[in-house]
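Reader: Hi, could you walk me through this model? I'd like to go through it piece by piece.
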Amino acid sequence: MIKGIKDKFKYQSGVKFLKQELAKDPPVVEREKGITSIGCIVDLDKFDDANLFYDFVEDYNMRPNAVKIIGYKGHYDKNSPYSTPVFSDKDLGWNGKIENSYALEFLSREYDLLVNYFTEENLLIQLMSIKTRARFRVGFKGVDQVYNDLILDCPLNDFDTFKTELKKYLGVLNEI
């Protein structure tokens, strides 16, 4: 019972932190135009093939390690092997801190492009998105517009359409 109350207060402190961060101006990332590194936050509960994001390496002629992917699972077993680093609801700490080594490693980098591959609002995914330092962000229509600079209106499960539309708009914006 005490753990449930503690988790509820952690969640409320995370929501409060998120609201405070959203009220601030987003941090400016000083990187040159062009896409040389991509970070992807993927909701693995809704889209399970995160390895498709490695196609960006070929699409944008990048180094093999230029794409970093982290996935969100509502619940996951730490003993089960996942091909993608994963974080979950139980990794939420006080005041919006994320207590997961994979997530902290992902957040320690800067990206030219952050792909927010989720369509539903979720506190942990939103915290990861807001804490990630990226020059340009892209996501989907179903999520609050404050998280993304470019919003695409296509189905989450249609990765080919997403890739095509993203490349088209990045070309229009002279990013590639």
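Reader: Let's start with Ile125: is this residue buried or exposed?
Author: Ile125 is buried, with a relative accessible area of 0%. Buried means under 20% relative accessible area, exposed over 50%, and partly exposed in between, with a 1.4 Å probe and protein chains only.
Reader: Before we go on, what kind of model is this?
Author: This is a predicted model, where local features need pLDDT of at least 70, side-chain atom pairs count only at pLDDT 80 or more, and totals for chains, interfaces and linings use all residues. Residues are numbered from 1 along each chain as its sequence is written, and side-chain values use heavy atoms, with hydrogens and water left out.
Reader: Thanks. Where does Ile125 lie?
Author: Ile125 lies in helix α4, residues 123-131. Helices (H or I, at least four residues) and strands (E, at least two) are DSSP runs, numbered from the N terminus.
Reader: And how far apart are Ile125 and Tyr111?
Author: In sequence they are 14 residues apart, and in space Ile125 and Tyr111 are 17 Å apart, C-alpha to C-alpha.
Reader: What about Val143, where is its place?
Author: Val143 sits in the loop between β5 (133-140) and β6 (150-152). Val143 and Asn122 are 21 residues apart in sequence and 9.4 Å apart in space, C-alpha to C-alpha.
Reader: Let's zoom out. How many helices and strands does the protein chain have?
Author: There are five helices and six strands in the protein chain. Starting at the N terminus, the elements run α-β-α-β-β-α-β-α-β-β-α. The radius of gyration is 16 Å, close to the 16 Å that the globule rule gives for 176 residues, so the protein chain is as compact as a globular protein of that length. That radius is taken over C-alpha atoms, and the globule rule is 2.2 Å times the number of residues to the power 0.38.
Reader: What does the C-alpha trace span?
Author: About 55 × 40 × 30 Å along the principal axes of the protein chain. Of its 176 residues, 47% are buried.
Reader: Now aromatics, please. How many aromatic pairs are there?
Author: The count comes to 15 aromatic pairs. Rings of Phe, Tyr and Trp (its six-membered ring) pair if their centres lie within 6.5 Å; planes under 30 degrees apart count as stacked, over 60 as edge-to-face and the rest as tilted.
Reader: Why is the pair of Phe53 and Phe159 edge-to-face?
Author: The ring centres of Phe53 and Phe159 are 4.9 Å apart and the planes are at 75 degrees, so the pair is edge-to-face. Phe53 lies in the loop between β1 (38-43) and α2 (55-59) and Phe159 in helix α5 (residues 159-172), so the pair ties together parts that are 106 residues apart in sequence.
Reader: Are those two buried or exposed?
Author: Phe53 is buried at a relative accessible area of 0%, and Phe159 is buried at 4%. Both belong to one aromatic cluster, whose members include Tyr60, Tyr117 and Phe162.
Reader: What lies over the face of Tyr60?
Author: That would be Lys167, at 5.8 Å from the ring centre. A charge sits over a ring if NZ of Lys or CZ of Arg is within 6 Å of the ring centre and within 35 degrees of the ring normal.
Reader: On to charges, then. How many salt bridges are there?
Author: The count comes to eleven salt bridges, each a side-chain nitrogen of Lys or Arg within 4 Å of a carboxyl oxygen of Asp or Glu. One of them joins Arg109 and Glu105, at 2.8 Å from N to O. Arg109 is partly exposed, with a relative accessible area of 34%, and Glu105 is partly exposed at 37%.
Reader: Which residues does Arg135 meet in salt bridges?
Author: One partner is Asp112, at 3.9 Å from N to O. That pair links distant parts of the chain, with Asp112 in strand β4 (residues 110-117) and Arg135 in strand β5, 23 residues apart. Arg135 also forms a salt bridge with Glu175, where the closest N and O atoms are 2.9 Å apart. Here Arg135 in strand β5 is linked to Glu175 in the segment after α5, 40 residues apart. Asp112 and Arg135 are buried, and Glu175 is buried too.
Reader: Which residues are linked in a network of salt bridges?
Author: Asp55, Asp59 and Lys163 are linked that way.
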